[in-house]
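My entries follow in the order I made them.

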Amino acid sequence: MTRRRFHRRIYLGILRQQALLCACGCHTKLSRQEGYQFDHITALALGGADRPDNLRAVRVPCHKRISALDISMIRKADRQRKAYLGTKKQRGPKMQSRGFDKRLRRRMDGTIEVRA
Ligand SMILES: [Zn+2]
């Protein structure tokens, strides 16, 4: 997945909007020492737009945590898509039908009788 690079001004604008605080919710001040990165609010793999309004600045440790969460959501979306498309592999034995007692017979009108 390629991501666009934006003008420096765009990133500075995001930082200013966030008042230099981490956008993950921890509200820790972003620092050059610790490092910070620009995160896609909705991951690209989950259909998020590669636009400045889908970007936020987060501390590196926070970004790692968010990315791990994104990956689990991406995996889940993949599983759901596969299941929907019917390409999911069969895991384990197929569900066994309860079947029908062969000593009984169901007549066309729905009544059940014991076979002679
Ligand atoms: Zn944070």
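**Entry 1: what buried means.** A residue is buried if 20 or more other C-beta atoms lie within 10 Å of its own C-beta. It is exposed if the count is 12 or fewer, and partly exposed in between. I also noted that this is a predicted model.

**Entry 2: Cys62.** Cys62 has 21 C-beta neighbours inside 10 Å, so it counts as buried. Next I listed its contacts, leaving aside neighbours within four places in sequence. Cys62 is in contact with Cys22, Cys24 and Cys26. I also checked Asp39. It lies 23 residues from Cys62 in sequence, and the two C-alpha atoms are 9.9 Å apart in space.

**Entry 3: the whole chain.** I stepped back to the protein chain. I found two helices and four strands. Read from the N terminus, the order is α-β-β-α-β-β. The radius of gyration is 27 Å, well over the 13 Å that the globule rule gives for 116 residues, so the chain is more spread out than a compact globule. Along the principal axes it is roughly 85 × 25 × 25 Å. I then looked up burial for the chain: 12% of the 116 residues count as buried. Contacts came last. I took those between residues at least 6 apart in sequence, and 52% of them join residues at least 24 apart.

**Entry 4: helix α2.** Helix α2 covers residues 60–85, which makes 26 residues. From first C-alpha to last it reaches 37 Å, close to the 38 Å expected at 1.5 Å a residue. Which residues of α2 are buried? I found Cys62, His63 and Ile66. They pack against β1 (36–40) and β2 (55–59). I noted a general point here: an α-helix has 3.6 residues a turn, so residues three or four places apart point the same way. After α2 comes Gly86, and its phi is positive, near 75°.

**Entry 5: the core.** I looked up the largest nonpolar core. It has eight residues: Cys22, Ala23, Leu30, Tyr36, Ala57, Val58, Cys62 and Ile66. β2 and α2 each supply at least two residues of this core. Not counting residues up to four places away in sequence, Leu30 touches Leu20, Leu21, Cys22, Tyr36, Ala57 and Arg59.

**Entry 6: helix α1.** I asked how many of the ten residues of α1 are buried. The count is zero, and this helix, residues 8–17, is hardly covered. It is followed by Ala19, with a positive phi near 55°.

**Entry 7: positive phi values.** I reminded myself that most residues other than glycine have a negative phi. Then I checked two residues in the loop between α1 and β1. Leu20 is in that loop, and its phi is near 60°, a positive value. Is Leu20 buried or exposed? It is exposed, because it has 12 other C-beta atoms within 10 Å. His27 is in the loop as well. Its phi is positive too, about 55°, although it is not a glycine. With 10 other C-beta atoms within 10 Å, His27 is exposed.

Conventions:
Residues are numbered from 1 along each chain as its sequence is written. This is a predicted model: local features need pLDDT of at least 70, side-chain atom pairs count only at pLDDT 80 or more; totals for chains, interfaces and linings use all residues. The radius of gyration is taken over C-alpha atoms; the globule rule is 2.2 Å times the number of residues to the power 0.38. Two residues are in contact if their C-beta atoms, placed from the backbone, lie within 7 Å. The expected span of a helix is 1.5 Å times one less than its number of residues. A nonpolar core is a set of buried Ala, Val, Leu, Ile, Met, Phe, Trp, Tyr and Cys residues joined through C-beta atoms within 7 Å.
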